[in-house]
Amino acid sequence: MSAEGGPIMRRSMRSRLGGAYAATLALLLLACGLLAPAAERVQAARAPAGAALPGDAARGRQLFLREGCYTCHGTLGAGAITGPRLAPGPIPWTAFLYQLRHPRGTPPYQNIRMPEFGPRVLTDAQAADVYAYLVSIAPGPPAAKIPLLNER
Ligand code: HEC
């Protein structure tokens, strides 16, 4: 009897210990996850809204192509079913940078996840270049002024 009970006991002890470790780990991860973005959010709140670092639009265009932003958002940031419109008139700088660092995954694009662009992939200065590119994109002519759209 005890020969059978032994291994079973040990196994259940081990799984209970494993559970405790997992719970501690989960708590630690949760704490890190909750604290880190909170600190960043405070910083973002202090920065003046929409005040980007001065960026270079030409370099930004190259980065927009090199980093693959265009594959989901279009070469001119016009948007598609793969990602929303980014230009003309991009969202404020702080929201832009926050989206790069922590893509929200908002609907209706939930089947396509925007990858995270951390500071090692795209520095703040490079992000400012991309932002300058988006700011530089002029709105197209109104539909009423495009002959092809007004043919009957
Ligand atoms: C694989 C596709 C994909 C790539 C690549 C991608 N995005 Fe996105 N992006 C999305 C989707 C989908 C959303 C909407 C869902 C979300 O908010 O995460 C989005 C949202 C955004 C938004 C928020 C727009 C708004 O109006 O709220 C910005 C800004 C943005 N992307 C910029 C970029 C930039 C800059 C790059 C390149 C460095 C990039 N994205 C690369 C798919 C992509």
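The buried residues of helix 4 (93-101) pack against helix 5 (124-136), where contact is taken as C-beta atoms, placed from the backbone, within 7 Å. Helices (H or I, at least four residues) are DSSP runs numbered from the N terminus. The structure is a predicted model, in which local features need pLDDT of at least 70, side-chain atom pairs count only at pLDDT 80 or more, and totals for chains, interfaces and linings use all residues. Residues are numbered from 1 along each chain as its sequence is written.

Trp93, Leu97 and Leu100 are the buried residues in helix 4, a residue being buried if 20 or more other C-beta atoms lie within 10 Å of its own. These buried residues line one face of helix 4, because they fall within an arc of 55° when seen down its axis; the arc is that of the directions from the helix axis to the C-beta atoms.

Around the ligand there are 25 residues, of which Cys69, Cys72, Gly83, Tyr109 and Met114 come nearest; a residue is near if its C-beta atom, placed from the backbone, lies within 6 Å. Helix 3 (69-73) and helix 4 are the elements that give two or more residues to this shell. The largest share, four residues, comes from helix 3. By type, the shell divides into 15 nonpolar, eight polar and two charged residues, with Ala, Val, Leu, Ile, Met, Phe, Trp, Tyr, Cys and Pro counted as nonpolar, Asp, Glu, Lys and Arg as charged, and the others, Gly among them, as polar.

Most peptide bonds are trans. A cis bond joins Ala87 and Pro88, with omega about 0°, and Pro88 is in the loop between helix 3 and helix 4. Another cis bond joins Pro107 and Pro108, with omega about 5°; Pro108 is in the loop between helix 4 and helix 5.

Key
A residue is buried if 20 or more other C-beta atoms lie within 10 Å of its own, exposed if 12 or fewer, and partly exposed in between; C-beta atoms are placed from the backbone. Two residues are in contact if their C-beta atoms, placed from the backbone, lie within 7 Å.
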